[in-house]
Amino acid sequence: MLTALFAILLTYLLASFPTGLVLAWVWADMDVRTAGSGNTGATNVGRLAGRRLGGITLAGDAAKGFLPVLLAPLVFDDPTYVGAVALAAFAGHCWSVFLGFRGGKGVATAAGALLGIAPGPALVAVVTWLLVVKLTRRASIAALVSAALLPILCMLLVPEAAWVAVSLALGVAWRHRANVSRLREGVELTTADR
C-alpha cells in the first residue's frame with residue numbers, strides 16, 4: 001500500500017512539471033499564461049511561441065502520462081494501480097503543485113496515459129483529434145470530440161481500461177468548461193490566433 005501511494009504521489013509531482021511554461025520561458029522569453037488562452041499546454045505554446053516549441057510541449061506533456069503508465073506494471077501486478085497512476089499524471093498536469101494547483105487542460109497527458117493502457121483506442125482518438133483540428137482549427141472541439149469517443153472505444157475494445165478512459169474523458173471535459181462557454185458565444189480562439 002505504501003509503495004502504491006509513493007508511486008502515485010511521485011507520478012503526480014513529476015507530471016506537475018510545467019513543460020510548456022518552462023520551454024516558452026527559456027527559448028522564447030515569454031510567459032504563456034499572459035497571452036492567448038493563458039494555458040500552459042501545447043496549443044497555446046504553439047500559438048504564441050511557435051510550432052516547434054508547441055510540438056516539444058506536446059511530446060513532453062504526453063510523456064507525463066505515457067512513461068508512468070509504461071513503468072507501473074514493473075511495480076504493480078494489479079492493473080487498477082496502473083489506472084490510478086494514469087489519473088495521478090493527469091491530475092499533476094492539470095493541477096500542478098508548482099503553479100498554485102493550476103495547469104494545462106490535460107489532453108496530451110491523458111492521451112499519453114491511454115496510449116500506454118489502451119493503444120488501439122488511443123490512436124483512433126489521436127487521429128480523430130487531428131482531423132477535427134484540421135476541419136475546425138479549434139483544439140478545444142477536437143479535445144471534446146476525442147474525449148467523448150475514447151470511452152466508447154475502450155468499452156468495445158479494451159473493457160478493462162474503460163473506467164480510466166471515462167475518468168480521463170470527464171476530466172478533460174471539466175477542464176474545457178470555459179472553452180465550451182466561449183464556443184457558445186462564438187469567441188473561442190483558433191489554433192492560429194494570438
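Predicted model: local features only at pLDDT ≥ 70, side-chain atom pairs only at ≥ 80, totals over all residues.
Local features were taken at pLDDT of at least 70 and side-chain atom pairs only at pLDDT 80 or more, while totals for chains, interfaces and linings use all residues. Residues are numbered from 1 along each chain as its sequence is written, and side-chain values use heavy atoms, with hydrogens and water left out.

The structure contains 0 disulfides, a disulfide being a pair of cysteine sulfur atoms within 2.5 Å. Cys94 takes part in none, and its nearest cysteine sulfur, that of Cys154, lies 18 Å away. Cys94 is buried, at a relative accessible area of 0%; Cys154 is likewise buried, at 0%. Buried denotes under 20% relative accessible area, exposed over 50%, and partly exposed the range in between (1.4 Å probe, protein chains only).

Ala49 belongs to helix H3, residues 42-49. Helices (H or I, at least four residues) and strands (E, at least two) are DSSP runs, numbered from the N terminus. Neighbours within four places in sequence aside, Ala49 is in contact with Ala28 and Met30, where contact means heavy atoms within 4.5 Å. Between Ala49 and Val97 there are 48 residues in sequence and 24 Å in space, C-alpha to C-alpha.

Most residues other than glycine have a negative phi. Asp29, in the loop between helix H2 (19-28) and H3, has a positive phi near 50 degrees. Asp29 is exposed, with a relative accessible area of 71%. Arg137 also has a positive phi, of about 60 degrees, and lies in the loop between helix H7 (119-136) and helix H8 (139-157). Arg137 is partly exposed, with a relative accessible area of 42%.
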